[in-house]
Amino acid sequence: MSEKFTTTDRRSFVKLGALAATPVAVLAPAAAMAADDTAIRLARMEDERAIADLVKGFVRRFNGNGDCSSFVASSGAIRIDPQVCAIREDSSRDPQLAFAADGSSASWQSRAEVDLLTDFDGDTTIEKMARFQGQGSASSRVSRRLEAEFARTQEGWTITRLALA
């Protein structure tokens with residue numbers, strides 16, 4: 001009788017092992033899908049970081065020597081008023097970034113503090129007095145919306161349009 005009891009134990013042990021292994025086999029495709037989802041999310045995060053770095057690099061270069069040609073797709077992509085002499089990102093507000101469905105383009109909106117420089121080159125009495133006193137221009141700081149559009153190229157992201165509104 002003890003012999004039959006031992007055999008039953010072994011059989012039930014094998015059956016329980018097979019039942020326990022079944023969920024692992026079922027979960028394997030789900031794990032592969034989760035790995036794909038993680039790769040997609042990682043790629044999206046890398047794209048977000050690349051675009052944010054592109055905007056920061058553009059602002060730094062604009063405030064520095066002003067040559068931003070390495071950041072843009074074409075010479076007509078930048079639409080900034082000639083009175084703008086400096087751009088400072090407003091870090092108190094998060095930028096808004098949206099990607100196209102196919103992931104090949106994106107749009108960006110953020111707030112920026114913009115320094116405007118107005119030259120006194122008119123013939124009004126006040127402008128003539130200011131020039132006479134050695135003041136050839138006046139500066140002011142205003143808040144503007146920085147809008148940009150990007151396209152993915154083989155080399156990475158590039159600015160296709162950037163404007164201050």
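Reader: In what order do the elements of the protein chain run from the N terminus on?

Author: The order is α-β-β-β-β-α-β-β, which gives two helices and six strands. Helices (H or I, at least four residues) and strands (E, at least two) are DSSP runs, numbered from the N terminus. The model is predicted: local features need pLDDT of at least 70 and side-chain atom pairs count only at pLDDT 80 or more, whereas totals for chains, interfaces and linings use all residues. Residues are numbered from 1 along each chain as its sequence is written, and side-chain values use heavy atoms, with hydrogens and water left out.

Reader: Why is Leu116 called buried?

Author: Buried means under 20% relative accessible area, exposed over 50%, and partly exposed in between (1.4 Å probe, protein chains only). Leu116, in strand S4, has a relative accessible area of 8%, so Leu116 is buried. Of the 165 residues of the protein chain, 25% count as buried.

Reader: What does Leu116 touch, not counting residues up to four places away in sequence?

Author: Contact means heavy atoms within 4.5 Å. By that rule Leu116 touches Gln83, Val84, Cys85, Ala138, Ser139, Ser140, Val142 and Arg144. Leu116 and Arg141 are 25 residues apart in sequence, with their C-alpha atoms 6.1 Å apart. Among contacts between residues at least 6 apart in sequence, 58% join residues at least 24 apart.

Reader: What makes a set of residues a nonpolar core, and which residues have the most contacts inside the largest one?

Author: A nonpolar core is a set of buried Ala, Val, Leu, Ile, Met, Phe, Trp, Tyr and Cys residues joined through side-chain atoms within 4.5 Å. The largest has 27 residues, and those with the most contacts inside it are Phe58, Ile80, Val84, Ile87, Trp108, Phe150 and Ile159. Two or more residues each come from helix H1 (2-63) and strands S2 (84-89), S4 (105-119), S5 (137-153) and S6 (156-164). H1 gives the largest share, seven residues. In soluble globular proteins, nonpolar side chains tend to be buried together.

Reader: How do you know that Ser110 makes a polar contact with Trp108?

Author: A polar contact is a pair of N or O atoms within 3.5 Å; within protein, one must be able to donate a hydrogen and the other to accept it, and residues adjacent in sequence count only if both atoms are side-chain atoms. The side chains of Ser110 and Trp108 make such a contact at 3.0 Å. Ser110 is in strand S4 and, because its relative accessible area is 10%, is buried.

Reader: What lines the largest pocket, by class?

Author: The lining has three nonpolar, two polar and eight charged residues. Ala, Val, Leu, Ile, Met, Phe, Trp, Tyr, Cys and Pro count as nonpolar, Asp, Glu, Lys and Arg as charged, and the others, Gly among them, as polar. A pocket is, on a 1 Å grid over the protein atoms alone, an open set of points where a 1.4 Å probe fits, with protein on both sides within 12 Å along at least five of seven lines; lining residues have an atom within 4 Å of a point. Of the 13 lining residues, Lys56, Glu89, Arg93, Pro95 and Trp108 lie nearest the centre. H1 supplies the largest share of the lining, four residues.
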